[in-house]
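Subject: Structure for your review

Dear colleague,

Please find below the structure I am handing over to you. A summary of the findings follows it.

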Amino acid sequence: MPFIDLQRKLGIDVDRWMLLQSSEQPFRHSGRCHSFEKDWVECAHGIGTIRAQKECKLEYEDFLECMHRSKLMQRLSIIRAQKEKLEKEGKYKAPDFSKDENTP
């Protein structure tokens with residue numbers, strides 16, 4: 001244990017740069033991806049980097065997907081392209097939400 005806590009004096013926390021969800025959250029609510037990060041850390045804890053890369057690949061991919069949502073954005077862009085294609089062909093017309101008949 002260091003005698004001088006340099007990280008706290010400088011206001012940085014090098015240990016939590018990768019694990020953002022572990023840090024203290026506003027109003028004491030857990031982070032959005034905290035459970036995925038916890039699964040990944042529990043899987044990788046104590047087995048070493050090389051084994052963790054192989055054995056905990058699914059947990060790590062779930063954690064990254066939760067953080068970056070790249071698969072979700074890819075899916076949404078495919079759906080948007082299909083919608084635009086159907087609108088150009090005249091097979092689909094988006095509802096006009098400015099009229100009263102389309103309000104819930």
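A residue is called buried when its relative accessible area is under 20%, exposed when it is over 50%, and partly exposed in between. Because the relative accessibility of Cys33 is 0%, Cys33 counts as buried. Please note that this is a predicted model.

Disulfides

The model contains 2 disulfides. One is formed by Cys33 and Cys66, with the sulfur atoms 2.0 Å apart. This pair connects distant parts of the chain, 33 residues apart: Cys33 sits in the loop between α1 (6-10) and α2 (34-44), and Cys66 in helix α4. Cys66 has a relative accessibility of 10% and therefore also counts as buried.

Cys43 and Cys56 are likewise joined by a disulfide, with an S to S distance of 2.0 Å. Here too, distant parts of the chain are linked, 13 residues apart: Cys43 belongs to helix α2, and Cys56 to the loop between α3 (49-55) and α4. Cys43 is partly exposed at 22%, whereas Cys56 is buried at 1%.

The link of Cys33 and Cys66 is left-handed, with -90° about the S-S bond; the link of Cys43 and Cys56 is left-handed with -90° as well. Counting bonded cysteines along the chain, the pattern is 1-4, 2-3.

Glu65

Helix α4 (residues 57-68) also holds Glu65. Glu65 is buried but has no salt bridge, and Lys71, the nearest side chain of opposite charge, is 5.2 Å away. The side chain of Glu65 does, however, reach the backbone nitrogen of Lys71 at 3.0 Å.

Yours sincerely

Technical notes
Residues numbered from 1 in each chain as written. Predicted model: local features only at pLDDT ≥ 70, side-chain atom pairs only at ≥ 80, totals over all residues. Heavy atoms only, no water. Helix = DSSP H or I, 4+ residues; strand = E, 2+ residues; numbered from the N terminus. Buried < 20%, exposed > 50% of the residue type's maximum accessible area, 1.4 Å probe, protein only. Lys, Arg positive; Asp, Glu negative; His and termini not counted. Salt bridge = Lys/Arg side-chain N within 4 Å of Asp/Glu carboxyl O. Polar contact = N/O pair within 3.5 Å; in protein donor to acceptor, adjacent residues only side chain to side chain. Disulfide = S-S within 2.5 Å.
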